[in-house]
Amino acid sequence: MTKDMLARAVRKFKKGDMRAFDYIYDCTHKVVYFVAYSVLRSKEKAEDITQDTYLKAVEHIGHYEEDSHFVAWLTTIAKRLAINEYNKMKLVIAPEAVIYI
């Protein structure tokens with residue numbers, strides 16, 4: 001993957017070419033998964049966040065500014081989704097797990 005090829009695929013995808021999405025996914029899914037996994041430390045949750053990241057990216061591709069680095073934009077989405085999921089996980093504490101001193 002070169003930066004130019006990825007940028008070209010992103011431009012095509014913004015115009016509605018779904019085949020370009022396949023190329024984008026193939027080039028970026030490992031780094032997106034790694035970002036999610038580094039926050040969550042759970043294979044299953046990282047896979048879910050990876051999927052959610054691409055759904056969000058598809059939904060908001062019109063907001064992506066082509067002057068910026070696409071992988072940075074995509075991994076920012078992944079990181080924010082992963083942090084939100086992590087915070088939800090922290091809130092779910094079983095009452096019997098709390099130790100009173």
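Predicted model: local features only at pLDDT ≥ 70, side-chain atom pairs only at ≥ 80, totals over all residues.

Biologist: What does the secondary structure of the protein come to?

Modeller: The protein has four helices and zero strands, so that, in keeping with the definition of these elements, the order from the N terminus is α-α-α-α.

Biologist: And how much of the protein is buried?

Modeller: Of the 101 residues, 31% are buried, while the protein exposes about 7,300 Å², with carbon and sulfur atoms supplying 55% of that area.

Biologist: Switching to α2 and α4, at what angle do they pack?

Modeller: Helix α2, residues 18-40, packs against helix α4, residues 70-91, at an angle of about 35°, and their axes lie 9 Å apart; the crossing of α2 past α4 is right-handed. By class, their contact has 15 nonpolar, two polar and two charged residues.

Biologist: Which residues meet there?

Modeller: On the α2 side they include Ile24, Val31, Val35 and Val39, and on the α4 side Phe70, Leu74, Ala78, Lys79 and Glu85 are among them.

Biologist: Which residues of α4 are buried, and what do they pack against?

Modeller: The buried residues of α4 include Phe70, Trp73, Leu74, Ile77, Leu81 and Glu85, and the buried residues of this helix pack against α1, α2 and α3.

Biologist: What span should α4 have at 1.5 Å a residue?

Modeller: The 22 residues of α4 should span 32 Å, and because its end C-alpha atoms are 32 Å apart, the model agrees with that expectation.

Notes: Residues numbered from 1 in each chain as written. Heavy atoms only, no water. Axes fitted to C-alpha atoms, helices over the stretch in contact; angles between N-to-C directions. Helix = DSSP H or I, 4+ residues; strand = E, 2+ residues; numbered from the N terminus. Left-handed = near helix turned anticlockwise from the far one by under 90°. Contact = heavy atoms within 4.5 Å. Nonpolar A, V, L, I, M, F, W, Y, C, P; charged D, E, K, R; others polar. Buried < 20%, exposed > 50% of the residue type's maximum accessible area, 1.4 Å probe, protein only. Areas by Shrake-Rupley, 256 points an atom, 1.4 Å probe, with all protein chains shown as cover. Expected span 1.5 Å × (residues − 1).
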